[in-house]
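Then follow the stops below, selecting as you go.

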Amino acid sequence: MNPKDKDFKSILRGWNSSALKWLMPGLGIKRWIVLLFFGVTVLALGLAYLLVNLYRQQVVPDYFYYLTLQFVPRLVRAALFGALGIVAIVIALIQLNRSVLSPFVRPGDEPVVDKMMRHRQRLQGPKVVAVGGGTGLATLLRGLKQYTSNITAIVTVADDGGSSGRLRRELGVLPPGDFRNCIAALADSESLTAQLFQYRFNEGGLDGHSFGNLYIAAMAAVTGSFEKALVESSRVLAVRGRILPSTLQNVILMGDLRSEVWGPANLVAGESKITQTVGAIERVYMEPSDARAYPDAIRAILEADLVVLGPGSLYTSIMPNLLVPDIAKAIRASRALRLYVCNVATQVGETDFYTTRDHLVAIDRHVQAGLVDIVLANNCLGLDFAHAPAGVGQQVEIEELESARLVAADMVDGAHPWRHASGKLAQTVIDVYNRERRVSGAPVIEGNT
């Protein structure tokens, strides 16, 4: 067989496969195709009546007799004109599609119909609320955006270290760092803009600041509020979902630490200082203790199908959200499935030697038992932490729970085994959700990676 024939046939098969996808349910395309054909048919019918009327009045030139195939039998004539019309419409639609979409499609991009199918699936996905902060929350969001666009990230505002802490003290804005990570994680693609958002300066007066932090701080000044700055910043990167603060108030995370050296508990003020101070954390609390929750965050939790806490630093990323009284109340009142994602490794100065049970006991001790339905833990044993960065402790051991069910799965990143892999983590979360909800008939998240 001629190689050119093979190429042509493969192209034809690919086109047929792509073309048939346009007819699949849920794309919202077929109804408009039907309407288009209906309109063309009505227009053709009107022109046909006009021509018939002109023929009867004998006001058309003689050559129209041959152009309109009057010498051909009526049924054959109808079939020929119908076939010609369909071919013309198909060619016109294909070329119109290429012309209209060509400015928005880059070389090597997947077919538009595939993008539309996944976009529709994500729009129809259940409502997921992810609560936390730091890199752990961003890892989860990066994986979840492949399954649903109905994502709301509720982020802690207790951060007072690094670039975020400096901007918080100098400009009086909420700490933007964790929000920046979430915006980049939920961006529609890992584009140059997303990389720019995460770029960190390492010299001069901007040393230590990331571009995204400065951008959000500037946007807050331009728009007049931090929440509007998040909306506009998310629009720049075409974020799938929403990123919300747990509260808009200027809160301080306080910690009671106990050491064999001191004996009695030592009070430490400031999220960044808690993990830097020697001693075991007995409890953390917020000042002011009655901080008002951000209303949209409460609404998102109450409307959610799935609420996920973590992964992330237990006391300094996850707990500050739960210490906003109405956030914890909303999670407890929500009908959503509530998951807690336990970290792969312990954190030095925060969760030293903690097991899965210790993590849940800490949450129960701060916000009462029963907040979590299921705890997700990693069961990939014997991980090598030899090259782990400072602050990483040991692998979290699995220990049976009392106030929640335990689900264990391999969720680790092969290259960095002390972290979660975003794809594995999201897949595990989705699998657990589907297994729990399939029986009740709640919406199921279909994979579309």
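Select Gly212, Asn213, Ile216, Ala217, Met219 and Ala220: these are the buried residues of helix 10. They lie on the same side of helix 10, because the arc they cover around the axis is only 160°. Keep in mind that this is a predicted model.

Now turn to the opposite face. Ala221 and Val222 sit there, exposed, on the face of helix 10 turned away from its buried side.

Next, check the length. Helix 10 runs over residues 211–223, which is 13 residues.

Step just past the helix. Gly224 has a positive phi of about 95°.

What do the buried residues of helix 10 pack against? Show helix 7 (162–171), helix 8, helix 9 (192–198) and helix 11 (226–236).

Stay with helix 8, residues 177–185. Nine of its nine residues are buried. Among them are Phe179, Arg180, Cys182 and Ile183. Asp178 and Asn181 also belong to the buried set of helix 8.

Last stop: select His366, which lies in helix 16 (residues 356–367). Is His366 buried or exposed? Its relative accessible area is 18%, under the 20% cut-off, so His366 counts as buried.

Display the side chain of His366. One of its polar atoms lies 2.8 Å from the backbone oxygen of Ala362. Leaving out residues up to four places away in sequence, His366 touches Glu282, Arg283, Val284, Tyr315, Met319 and Leu323.

Key: Residues are numbered from 1 along each chain as its sequence is written. This is a predicted model: local features need pLDDT of at least 70, side-chain atom pairs count only at pLDDT 80 or more; totals for chains, interfaces and linings use all residues. Side-chain values use heavy atoms; hydrogens and water are left out. Helices (H or I, at least four residues) and strands (E, at least two) are DSSP runs, numbered from the N terminus. Buried means under 20% relative accessible area, exposed over 50%, partly exposed in between (1.4 Å probe, protein chains only). A polar contact is a pair of N or O atoms within 3.5 Å; within protein, one must be able to donate a hydrogen and the other to accept it, and residues adjacent in sequence count only if both atoms are side-chain atoms. Contact means heavy atoms within 4.5 Å. The expected span of a helix is 1.5 Å times one less than its number of residues. The arc is that of the directions from the helix axis to the C-beta atoms.
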